[in-house]
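Please look over the sequence and the model before reading on.

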Amino acid sequence: MHEEVVRARGHENVSAEHESTFEVTSDDWLTPAGDCILAVEADRTPADFDEAFVDACRDADATLTATVEVEGPDGETYRQTVEGRGHPDLSFEGDRSHVGRTSDYVDDRTILVGADAAAADFDRDLVSALADGGDVTFTLRVE
């Protein structure tokens, strides 16, 4: 198993309404149109990941797990896990954002394909905590 951890924060414009992707970006801004974005100001991008992690993700049989964890203003921690799979074309060359996809589409931002959830599927209490600007831990694991 390999793991990469990214720190980010929520934003008032997080709506998590996209039906086929979810995203964590290093950008420090978010417009209402960014309905797949869960968090901003990521401290790392796919281009920063360890080569052994990247190689493991390129196995089509690999299971990838993305976990979003955020503390709400009430002090409660909200967590959601999305499972997907690897793909031989994953490059992890994106220097701006991490995108999980329910489809098999791959570009330099793609971190997993075949996701069992998209932004619209995230728990609404977690989404509210993200919209309140909570601190986010975004963990990617590959097995």
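The sections below treat the basis of the model, a helix, a loop residue and a sheet.

## Basis

The model is predicted: local features need pLDDT of at least 70 and side-chain atom pairs pLDDT 80 or more, while totals for chains, interfaces and linings use all residues. Residues are numbered from 1 along each chain as its sequence is written, and side-chain values use heavy atoms, leaving out hydrogens and water. Helices (H or I, at least four residues) and strands (E, at least two) are DSSP runs, numbered from the N terminus.

## Helix α2

Helix α2 spans residues 124–131, and its buried residues (under 20% relative accessible area, 1.4 Å probe, protein chains only) are Leu126, Val127, Ala129 and Leu130. These residues lie on the same side of α2, because they cover an arc of only 160° around the axis, taken from the directions from the helix axis to the C-beta atoms. They pack against β3 (37–39), β4 (63–71), β5 (77–85) and β8 (135–142).

At the N-terminal end, Asp123 caps α2. Gly133, with a positive phi near 85°, follows the helix.

## Ala117

Ala117 lies in the loop between β7 (110–112) and α2 and is buried, at 6% relative accessible area. Beyond its neighbours within four places in sequence, Ala117 is in contact (heavy atoms within 4.5 Å) with Phe22, Val82 and Thr102.

## The open sheet

Four strands, ordered β3-β2-β6-β7, form an open sheet with mixed pairing; two strands pair if DSSP finds at least two bridges between them. The edge strands, β3 and β7, each pair on one side only.

Strands β2 (residues 21–25) and β6 (residues 97–101) run antiparallel and are joined by five bridges. Opposite Val99 in β6 stands Glu23.

Terms used. Buried < 20%, exposed > 50% of the residue type's maximum accessible area, 1.4 Å probe, protein only. Polar contact = N/O pair within 3.5 Å; in protein donor to acceptor, adjacent residues only side chain to side chain.
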